[in-house]
Amino acid sequence: MKIVILGCGRVGSTLANMLDQAGHTVSVIDFSSEAFQRLSPDFGGETIPGNGVDEEVLIRAGIKEADAFAAVTNGDNRNIMASQIAKEIFKVKKVMCRIYDPIREETYRELGMETICPTKVGAQMFFDELIVLK
Amino acid sequence: MYIIIGGGGEVGYYLTKNLLTQGHEVLLLEKGSSRYQTLNDELGPAVVRGDACEARTMAEVGASRADVVIAVTGDDEDNLVICQMAKKRYKVGRTIARLNNPKHEEIFLKLGIDLTVSPTRAILSLVESDLPSSRFVPLMTLKNAGLEIVELRIPEKSPIVGKMLRDINLPRSCNLALIIRDKQFISPTAETQIYAHDDVFALVNREGEEELSRAFGTLD
């Protein structure tokens, strides 16, 4: 599978390493080239420095041939815009978007976007652990 | 009209002032605290501290009764989300977004934003239209009609100089609206002859643009 990941932060780099290890073709985009240092030294994928909402950067990262796209920058709006570009302009089959703000995540999920809200997931996990305490 | 503006930069500020003078109900949203202070000192209750991307903020300022939402922050992605949330969640009738990167126009329109304004594109058009280039310069899009207003300054060596309009194969979908020659306005007819340095304004749809360029001998 060919996947383009936008954002080489903690999640982005971890995800890139995991997919690379699992034998997939990975390219990672990040605005800052320093972020690529988070990748494993034997990372076999491509790194593309640039702005992920710029179509030329996405094309350089191979979005036209991509089977999947994951937006995991630390900016909700950037993730939202990039995901929609991936879906509507480049017709990528599987597009996933991280949105921290629960209300924004709900709105976009209702619009049909595949979203992950770490805020809700995290809060739920804490809740599940704490609620059993007396 | 009730107008909500997201982004208290210079554009947002002047928009607010102008619209208030015109008698509209305006609310400017600015998320930065020091910028908000500056704006509040002058605009008072017309400015509220908040992030226009946040649904809670928009609900508090009554987004569902807004007639227009205008997004003029410095980031295209923020402007996109402001307008999308306004349209999809609050059913605002008209959304206008500022575009810094003119290439984003396609995705904005595809996602249902009503109107986009790109200062970059506008200035580019002005610069290009002043150059003795031989290409039609797009000036403005008439979204409802699916048409563009384009301008061409006829270069000296153009193959159509001296020809009458009826002898040029104009596409049917094109309307030559106006010719400006030596500061005179000419309403073009079939007998109108084209002179060098004529400023030609046409209304054309996307498909007609290429045909028009071909007819005027300007296709590269």
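Residues are numbered from 1 along each chain as its sequence is written, while chains are lettered from A and ligands numbered from 1 in the order in which they are written. Because the model is predicted, local features need pLDDT of at least 70 and side-chain atom pairs count only at pLDDT 80 or more, whereas totals for chains, interfaces and linings use all residues.

**Exercise 1. Describe the overall build of chain B.**

Step 1. Chain B has 7 helices and 11 strands, where helices (H or I, at least four residues) and strands (E, at least two) are DSSP runs numbered from the N terminus.

Step 2. The radius of gyration of chain B, taken over C-alpha atoms, is 22 Å, well over the 17 Å that the globule rule gives for 220 residues, so the chain is more spread out than a compact globule. That rule is 2.2 Å times the number of residues to the power 0.38.

Step 3. Along the principal axes, the C-alpha atoms of chain B fill a box of roughly 65 × 30 × 30 Å.

Step 4. An automatic or database domain assignment gives chain B domain 1 (2–117) and domain 2 (122–215), and the centres of these two domains, taken over C-alpha atoms, are separated by 35 Å.

**Exercise 2. Work out the strand order of the open sheet of 6 strands in chain B, and place the helices that pack on it.**

Step 1. The order is β3-β2-β1-β4-β5-β6 in chain B, with parallel pairing; two strands pair if DSSP finds at least two bridges between them.

Step 2. Since β3 (47–49) and β6 (115–117) of chain B each have a single partner strand, they stand at the edges, and one side of each is therefore left without a neighbour in the sheet. From one strand to the next the twist averages 20°, with axes fitted as lines to C-alpha atoms (for helices over the stretch in contact) and angles running from 0 to 180 degrees between N-to-C directions.

Step 3. Strands β1 (residues 2–6) and β2 (residues 25–30) of chain B pair in the parallel sense over 5 bridges, and Ile3(B) stands opposite Val26(B) in β2(B).

Step 4. Helix α1 (residues 10–21) of chain B lies across β1, β2, β4 (68–71) and β5 (94–98) and runs at about 165° to β2(B). Helix α2 (residues 33–43) of chain B touches β2 and β3, its direction making about 155° with that of β3(B); contact requires C-beta atoms, placed from the backbone, to lie within 7 Å.

**Exercise 3. Characterise the side of chain A that touches chain B.**

Step 1. Here 15 residues of chain A are in contact with 17 residues of chain B.

Step 2. The elements that give two or more residues to this side are α3 (76–89) and α4 (102–110) of chain A, and α3(A) supplies the largest share, 8 residues.

Methods:
Contact = placed C-beta atoms within 7 Å.
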